[in-house]
Amino acid sequence: MINIEEHILDSSLYKYDLTKDKIFTASMFGNDDIQNFLIIKHKKDIVSNRSSKTDQSTLGSVFHRGLEVIFSGIENVEVEKKVRLINVYNDWDVTATIDYFGIDNDKKIIYLSDHKLTKKFSGIMVKKDYEASGYFWQLQVQKFILSNIEEYKGYSFDLALNMFYKDANSALDEPVQERIALDVLDNEFIYDKLVDKLSLLDLYLEQDKEPPECEQKWFRKINRTSVPTKCETYCSVNYLCRYYNKKSMVQSIKDF
Ligand code: SF4
């Protein structure tokens, strides 16, 4: 009999590309510099030190694996499409895994959407200021990569976030799913943003100097203790981060 949890973990675990050190993924765009610094510096260890238990990120991965099955076989649609641009800036390759890629060759439009299994609060925040969200930039970087690939030159883009709310209240008739259409930025602007991120990361890596801790840690109250949810639940490099010490945090909760 297979171990179900182990099998889900093996099938859904995010695998870093180890073919080169300087690989920046579209999803890293929304990270703080410290997270990207730790990922680039330790990505070989992150692969071998994966959590042996399912966690919040496992849920998202399983959701995406399900969508792969749902959309497979549909004409002009690809899911989890991997794309890459070589040497975008100072030997950095930029890669992306696109959740949903649809192409209309007659109208020359490419439809990109990212699927998020999330809470309503996340949708509210994205709609309030979607340009401040990593989700927004992830799609812009995907669009940047595709529009620099020969076979997609001349295509226009339609970008959207598809939010699936796991806490929608059916008694209040709240929608479980919502499509948020996004503005499409010029490639020059996206490139400048990428260069800002990559040049700063280069500086920290060359000097082997850790960037400052993350600005937002998404604190929530457990009993009367503040717990940094981002560090605790959503950060794959928390065990490498000197700003976060789970043991002392848990201790402070127990002591309370
Ligand atoms: S543990 Fe917290 S402060 Fe450290 S990199 Fe992760 S999210 Fe940022």
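Helices (H or I, at least four residues) and strands (E, at least two) are DSSP runs, numbered from the N terminus. With that in hand, let us walk through the model.

## Reading the model

The structure above is a predicted model, where local features need pLDDT of at least 70 and side-chain atom pairs count only at pLDDT 80 or more, while totals for chains, interfaces and linings use all residues. Residues are numbered from 1 along each chain as its sequence is written.

## A loop to start with

Asn76 lies in the loop between α3 and β2. Its phi is near 65 degrees, a positive value in a residue other than glycine. To judge burial, we count other C-beta atoms, placed from the backbone, within 10 Å of a residue's own: 20 or more makes it buried, 12 or fewer exposed, and anything in between partly exposed. Asn76 has 11 such atoms, so Asn76 is exposed.

Glu75 sits in this loop too, between α3 (56–71) and β2 (77–89). Is Glu75 buried or exposed? Glu75 counts as exposed because it has 6 C-beta neighbours inside 10 Å. From Glu75 to Lys116 is 41 residues in sequence and 23 Å in space, C-alpha to C-alpha.

Another loop, between β2 and β3, holds Asn90. Phi of Asn90 is near 45 degrees, again a positive value in a residue other than glycine. With 11 other C-beta atoms within 10 Å, Asn90 is exposed.

## Two domains

The protein is divided into domain 1 (4–212) and domain 2 (213–256); such bounds come from an automatic or database domain assignment. The C-alpha centres of the two domains lie 24 Å apart. Where they touch, 10 residues come from domain 1 and 10 residues from domain 2. Here, two residues are in contact if their C-beta atoms, placed from the backbone, lie within 7 Å.

Which helix gives the largest share of the side of domain 1 that touches domain 2? That is helix α2 (residues 33–48), with 6 residues. By class, this side of domain 1 has 5 nonpolar, 3 polar and 2 charged residues. In this scheme Ala, Val, Leu, Ile, Met, Phe, Trp, Tyr, Cys and Pro count as nonpolar, Asp, Glu, Lys and Arg as charged, and the others, Gly among them, as polar.

## Around the ligand

There are 15 residues around the ligand, and Cys214, Cys231, Cys235, Cys241 and Tyr244 come nearest. A residue is near a molecule or strand if its C-beta atom, placed from the backbone, lies within 6 Å of it. The shell divides into 9 nonpolar, 2 polar and 4 charged residues. Both α2 and α7 (229–233) supply at least two residues each.

Why does the shell around the ligand lie between the domains? Domain 1 and domain 2 both give residues to the shell, so it lies between them.

Ser236 is found in the loop between α7 and α8 (246–255). Because it has 19 other C-beta atoms within 10 Å, Ser236 is partly exposed.

## The nonpolar core

In soluble globular proteins, nonpolar side chains tend to be buried together. A nonpolar core is a set of buried Ala, Val, Leu, Ile, Met, Phe, Trp, Tyr and Cys residues joined through C-beta atoms within 7 Å. The largest one here has 35 residues, of which Val94, Leu112, Val141 and Ile145 touch the most other members. Among the elements that each supply at least two residues of this core are α2, β3 (92–104) and α6 (187–206). The most comes from α5, with 8 residues. Since domain 1 and domain 2 both give residues to this core, it lies between them.

What is Val94 in contact with, leaving aside its neighbours within four places in sequence? Val94 is in contact with Phe24, Leu85, Val88, Val141, Ile145 and Leu194.

## Paired strands

Two strands pair if DSSP finds at least two bridges between them. β3 and β4 pair in the antiparallel sense over 5 bridges, and Asp104 has Ile109 in β4 as its bridge partner. These strands form a hairpin with 4 residues between them, and Lys108 in the turn has a positive phi of about 55 degrees. β4 also runs parallel to β5, joined by 10 bridges; there, Ser113 stands opposite Ala160 in β5.

A further antiparallel pair, β7 (residues 219–222) and β8 (residues 225–228), is joined by 4 bridges. Lys221 has Ser226 in β8 as its bridge partner. The hairpin of β7 and β8 has 2 residues between the strands, and Asn223 in the turn has a positive phi of about 50 degrees.
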